[in-house]
Amino acid sequence: MIRSVILAVFGSLLAAPSAHLVMPYVVVSGATQWQTTHAAQAVRRAGGTVVTSYPQVGVVIAYSSSSSFAGRVRRDVVAVGATRTAPVPVSYFAARRRVSYTGPPGFPTAPAEGTGWNLAAIGASGTRGSHSVTVGVLDTGVDDTHPDLDVDVGASVSCLSGWADRSFGAWRPTLDGHGTHVAGTISAVRNGSGVVGVAPGVRLASVKLAEVDDGETAESMVCGFVWAAEHGFRIVNNSYRSFPWRYNCPDQTDQAAILLAVGRAVAYAQKRGVLVVSSGGNAGLDLLDRKEDSESPVENPVYRSIDNSCIRLPHELPGVVGTSAIDESSVKATFSNYGIGKIHVAAPGVRVWSTWPGNAYWLASGTSMAAPHTSAIAALIASRHPRWSAAQIKAALFTGASPTPCPVTYPVPQVCSSAAGQTSFYGYGVVNAYSAESSSGR
């Protein structure tokens, strides 16, 4: 369903009358102001247009309608990669104004506040976070008008086209309530109605990367992580897969540039004290034994053989906390990916109620629903220990998780294994709010 929505969105863009079509690129240079400026000059010499530059990570976002653009620029920079396999209208790079939600409607009510199984499963009854902690929701936008959500609009932005669009409301959802659902799980307020999050009290910031779930592109991710790094976010939640390549391979020219650009942006955010949390994926795959990809590129998927060097972004970048999903029985959901070193913790991700655009609610499943539980637990730790680094928060997150052994039986061919105090299904264990709130840094 998500793929059909993505294709419909891009199909409607391409069908726009007399649209001037261009190909977007990430252009990677050395990570200095001078080198980034040099890369921007190379873009212009090749007839391209600079959308924006990020000298902090040595990345230029650009577009061109010339088929020779990449080859010409590549002579002067570290790497150049197209971030699509089909062009988009140049209007894609315009500011988003007068944003309104036209996606699927939600339900007007949810089960009684605080009664969700997910909260009980991680000991999150009565928890509360600090308003000084900001969690960035890098997703499809967050409805800041929802009565259950406390969104810092001053720290919110649209990064859809790779540049920080501060137009009022540009951070809001238009076609998909996915980001609003994620936000509610993190910190929906305790107000006597609707739902309550794991860490009510912490602030949310909406960083809109896509119109629909799993539509996040390299340029939007670079923009989002740099924004988070420079606006004091303590944690960022990433519940998505990259577009158009579900796995980016270092031996493919465009994908190698994407890996480098996004990798630098994530590393920059981490260096600035941001803990990066990600969903682990919903394909039921052993991430240590991947062999094929039949979902890429999203615009026109074809089967290709891949190996473990081809990674999910941003989930498998160094330092990112990968989260698997458990069901009401505290067993890994069959759809959840697994792998020691790839999955670090587990959290509720099946039939989770949360907020939805239009003062509504929605019931959803996926590792997208599990990751915000992890982000919220990290926010509780940051609330209790405001001076702790991201590394200390992550360590407390892991040591505070409830160790969960491999299940005795499980549907084949998925096989749970154990090593070095972790399991391939649950990592260090299921996240635990009680341990987070009582953490002492041991």
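This is a predicted model: local features need pLDDT of at least 70, side-chain atom pairs count only at pLDDT 80 or more; totals for chains, interfaces and linings use all residues.

In which sense do strands β9 and β10 pair, and over how many bridges? I found β9 (residues 235–238) beside β10 in the parallel sense, with four bridges between them. For the record, strands (E, at least two residues) and helices (H or I, at least four) are DSSP runs numbered from the N terminus, and two strands pair if DSSP finds at least two bridges between them. Asn238 has Ser278 of β10 as its bridge partner.

Residues are numbered from 1 along each chain as its sequence is written, and side-chain values use heavy atoms, leaving out hydrogens and water.

Next I asked how many residues of β10 are buried. Five of the five in β10 (residues 275–279) are, so this strand is largely enclosed by the rest of the structure; buried means under 20% relative accessible area with a 1.4 Å probe, protein chains only. I saw cover on both faces: Leu275, Val277 and Ser279 on one side, Val276 and Ser278 on the other.

I moved on to β13 (residues 321–326), which runs parallel to β10 and is joined to it by three bridges. Ser279 sits opposite Thr323 there.

Zooming out, I wrote down the order of the open, seven-stranded, parallel sheet: β7-β8-β6-β9-β10-β13-β14. β7 (157–158) and β14 (345–348) are the edges; each has a single partner strand, so one side of each lacks a neighbour in the sheet.

On the β9 flank, β6 (residues 134–139) runs parallel to β9 with four bridges, and Val137 faces Asn237. Helix α5 (residues 178–187) packs on the sheet, touching β6, β8 (203–208) and β9; contact means heavy atoms within 4.5 Å.

Last entry: I traced α5 to helix α8 (residues 367–384), and their axes come within 8 Å, crossing at roughly 35 degrees. Axes are lines fitted to C-alpha atoms, for helices over the stretch in contact, with angles from 0 to 180 degrees between N-to-C directions. Among the contact residues I noted His181 and Ile186 of α5, and Met369 and Pro372 of α8.

Note on methods
Buried means under 20% relative accessible area, exposed over 50%, partly exposed in between (1.4 Å probe, protein chains only).
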